[in-house]
Amino acid sequence: MRYEARVSGAPPPPLKVLTFLNSFHPGGVERVALRMNAQWRAMGISAPVYIGRDEGSARDAAAGADVRIIPGDPSAARAQGIRWMVRHLPGIVRAEAPDILFCAGNTYTAVAAAVKLALGRACPPVLVKISNDLERRDMGPLLRLGYHRWVALQGQLLDHFIAMAPAMVPEMEARLGVPAARISVVNDPVLRAEELAALATLRQRAPHHAGGRRFLAIGRLAPQKNFPLLLEAFAKMAAAEDRLKLLGDGPERDMLQARAAALGIADRLSMPGHVGDLKPWLADADIFVMSSDYEGVPAVVIEAIAAQLAMVVTDCSVSMRDLLGQGRFGALVPVRDAAALAAAMGAAPRGQPDPAAATDHARQFTLEAGADAYLAVMRQLVAARAARAR
């Protein structure tokens, strides 16, 4: 079953949506959630966002959202992390009495499950966006078995799930153990309409640069992103004039800098850290590269396609072929294969061969369309709960 908005002359009923996030640390899940909540608020929806820790560098995404920091000792919040949210959110949900509890990514399902267990039948319906891979082939056999059991438990505890691409649905049915009636497909609402228009002309407005190609990678400097693989591939194929920029920050920074020095590419690599506005970096790049071991539907891939960059991406998600238009907008290579990644990077053109088609493809992922689609699902869940209560 796919929920769709109902068209009628009557205005939709009032709706209150409560979202929870750990902090303002940069991440695609958090950025999209904050922007979507701001959009809901602009549409007249009551949409408080509770944040566990008042820290992080991605506060720009929260502009316009109704953000509230979970009150209490900041040092305790930092030390306890997710446990801090589990401790405080059930009381907040009781006090706020939302119609829907929105879990913005499956990295937060432990918190959603804890609230559901604490509140029992008093808990509002929990809507979960599946933001990351459920197979997790990067894990060892025992860890993967435990993870799959935890995912199946989520399917028993939580109410409804959002797939960010049609290709995710079979995996979700299998791993969560839920029927199609408990899954809705909503394209990830990454871009506002005016942002899409601006991205489409970025490289046209940017000064032309001669010399080597400019490669760009974006993501948290953490094992999931497998940036050591990217450095190895770049070292294999790069000409002396080629350059690689790696945007993001995280625990692997020092290791990556040392690895670049050992590979002899330190003078061709720049690592500016987290940046709030990607547009200048996208405008200056020719080719976007993603070297991840696993992903969900990474927002940055959509932004890079919209910005007319050529794409080289590992096959790190069941959704990636759809995102790349079945190969029309970029090359897909096996995960953890430095030689294949290097070959694809070496063969990549400067920019998208068909810019108009790339813009049309990215238009599926606008914030305006996604915000409406999420609200349609939420209203159906609220209506179904009310019907069961009668």
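**Notebook: a helix and a helix pair**

I looked up Gln39 and found it in helix α1, residues 28-42. Helices here are DSSP runs (H or I, at least four residues), numbered from the N terminus. The model is predicted: local features need pLDDT of at least 70, side-chain atom pairs count only at pLDDT 80 or more, and totals for chains, interfaces and linings use all residues. Residues are numbered from 1 along each chain as its sequence is written, and side-chain values use heavy atoms, with hydrogens and water left out.

Is Gln39 buried or exposed? Gln39 counts as buried because its relative accessibility is 17%; the cut-off is under 20% relative accessible area (1.4 Å probe, protein chains only). Leaving aside neighbours within four places in sequence, I find Gln39 in contact with Leu367, Glu368 and Ala371. Contact means heavy atoms within 4.5 Å.

I then checked α1 as a whole. Of its 15 residues, 11 are buried, among them Val29, Leu34 and Trp40. Gly44 follows α1 and has a positive phi, near 90°.

Next I took α9 (residues 227-237) and α10 (residues 253-263). They pack at about 20°, with axes 10 Å apart. Axes are lines fitted to C-alpha atoms over the stretch in contact, and angles run from 0 to 180 degrees between N-to-C directions. So α9 is roughly parallel to α10, a label for angles under 35 degrees. From α9, Phe227, Pro228, Leu231, Glu232 and Ala235 make the contact; from α10, Met255, Leu256, Arg259, Ala260 and Leu263 do.

Definitions and conventions: Helix = DSSP H or I, 4+ residues; strand = E, 2+ residues; numbered from the N terminus. Buried < 20%, exposed > 50% of the residue type's maximum accessible area, 1.4 Å probe, protein only. Parallel < 35°, antiparallel > 145°, perpendicular 65-115°, else oblique.
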